[in-house]
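Please look through the sequence and the model below before reading on. The paragraphs that follow move from the chain as a whole to its core and then to its aromatic rings.

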Amino acid sequence: MEWIGKKINEISNPESKHYLVPKLNTSKTDNNNLPLSLVETLHQLGKDFQEISDNILLYLYLEVRAQSIYYLLPSFESAIGNTTEPKVLDLNQSVSSLHEAMLNAISNSKSQYIFEGLGEVMAKSLVNYTRNIETIDEIAIRKIIRDITMLKYNIAAMLGASQVTLEKTVHYYELLLCTPKEILEEILEKGAGFSEAEYLNLLQIVHRSNKNIEETTSLQNDLNRLSDILSQTKQTFLI
């Protein structure tokens, strides 16, 4: 579409060296008896094709993000209490297919535009997904970690750049397999890598899931300690 639009603009633009009618007079036709209305129509047609091309590019930009949200948002089964895993592998395959289809269809710069920032969208969706976890299934969490790692490498290969936010998302899921004490100690040692709300979510899930946590260590105590620690450390948010 873009190529057609440019070519039509070239032959219908008086300032172009490829102008179809090099010498126009003031009459209703040119010296080749070509109606000026046809030249004007061609010029408008070129603009229309260019606009269609831009709209298609925007559609593809939105499509890959819509697919990310579709595959990673909690499903209806989760809403009625049947916890399901985010479809990370399905998303990975879908994005790979889209990228492969575009390789020979559009320029590298346009492909970069479409996929740039996609890792951040995925990371945010995956972190938000954890809010639907009632109790931790270690096998399921380890599978998700593996799938996100594969997704991270795939997106990095597409864009030729490391995916820091997806790397942090992998670690966020790894923290689900830690104890509250380990989570809080990591913040003290390394600083906060996530927001207070994201840490609060982690502690709530871990407390619900871990029956071996000492009774003297209540969720409220850990939340109070979290607040104290974060007030002393500089926070670096995930998104």
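Contact, as the word is used here, means that heavy atoms lie within 4.5 Å. With that in mind, Ile 145 touches Val 170, Tyr 173, Glu 174 and Leu 177, when residues up to four places away in sequence are not counted. This Ile 145 is found in helix H7, and with a relative accessible area of 11% the residue is buried, since buried means under 20%. Ile 145 and Thr 169 are 24 residues apart in sequence, while their C-alpha atoms are 8.6 Å apart in space.

The model is a predicted one, and its chain can now be taken as a whole. The secondary structure comes to eleven helices and zero strands, so that the pattern read along the sequence is α-α-α-α-α-α-α-α-α-α-α. Of the 239 residues of the chain, 38% count as buried. Among the contacts in the chain with a separation of 6 or more, residues 24 or more positions apart account for 69%.

What does the largest nonpolar core hold, and which of its residues touch the most other members? This core has 47 residues, and those that touch the most other members are Phe 115, Met 122, Ile 155, Tyr 173 and Tyr 199. Its largest share, eight residues, comes from helix H7, which covers residues 138-159. Because domain 1 (55-177) and domain 2 (179-238) both give residues to this core, the core lies between them.

Ile 155 has its place in helix H7, and at 1% relative accessibility Ile 155 counts as buried. Not counting residues up to four places away in sequence, Ile 155 touches Val 95, Leu 118, Met 122, Gln 163 and Leu 166. Tyr 173, when its neighbours within four places in sequence are left aside, is in contact with Leu 126, Tyr 129, Thr 130, Ile 141, Ile 144, Ile 145 and Ile 148.

Helix H6 (residues 118-129) has twelve residues and reaches 17 Å from its first C-alpha to its last, which is close to the 16 Å expected at 1.5 Å a residue. Its buried residues are Leu 118, Gly 119, Met 122, Ala 123, Ser 125, Leu 126, Val 127 and Tyr 129. An α-helix has 3.6 residues a turn, so residues three or four places apart point the same way.

Asn 92 lies in helix H4 (residues 88-103), and its relative accessible area of 8% makes Asn 92 buried. Leaving aside neighbours within four places in sequence, Asn 92 is in contact with Met 150, Leu 151 and Asn 154. Asn 201 has its place in helix H10 (residues 196-209), where at 10% relative accessibility Asn 201 counts as buried. With neighbours within four places in sequence again left aside, Asn 201 is in contact with Thr 130, Arg 131 and Tyr 172.

The aromatic rings come last, and the structure holds four aromatic pairs. The rings of Tyr 61 and Tyr 113 have their centres 4.9 Å apart and their planes at 25°, so this pair is stacked. The pair links distant parts of the chain, with Tyr 61 in helix H2 (residues 36-72) and Tyr 113 in helix H5 (residues 108-115), 52 residues apart. Tyr 61 counts as partly exposed at 24% relative accessibility, and Tyr 113, with a relative accessible area of 37%, is partly exposed as well.

How are the rings of Phe 194 and Tyr 199 placed, stacked or edge-to-face? Their centres lie 5.6 Å apart and their planes stand at 80°, so the pair is edge-to-face. Phe 194 is buried, with a relative accessible area of 2%, and Tyr 199 counts as buried at 1% relative accessibility. Ring pairs link Tyr 172, Phe 194 and Tyr 199 into a cluster. Charged side chains also meet rings, for Lys 168 lies over the face of Phe 194, at 5.8 Å from the ring centre, and the charged end of Lys 152 sits over the ring of Tyr 153, 4.5 Å from its centre.

Definitions and conventions
Residues numbered from 1 in each chain as written. Predicted model: local features only at pLDDT ≥ 70, side-chain atom pairs only at ≥ 80, totals over all residues. Heavy atoms only, no water. Phe/Tyr/Trp six-rings, centres within 6.5 Å; stacked < 30°, edge-to-face > 60°. Helix = DSSP H or I, 4+ residues; strand = E, 2+ residues; numbered from the N terminus. Buried < 20%, exposed > 50% of the residue type's maximum accessible area, 1.4 Å probe, protein only. Lys NZ or Arg CZ within 6 Å of the ring centre and 35° of its normal. Core = buried A, V, L, I, M, F, W, Y, C linked by side-chain atoms within 4.5 Å. Domains from an automatic or database assignment. Expected span 1.5 Å × (residues − 1).
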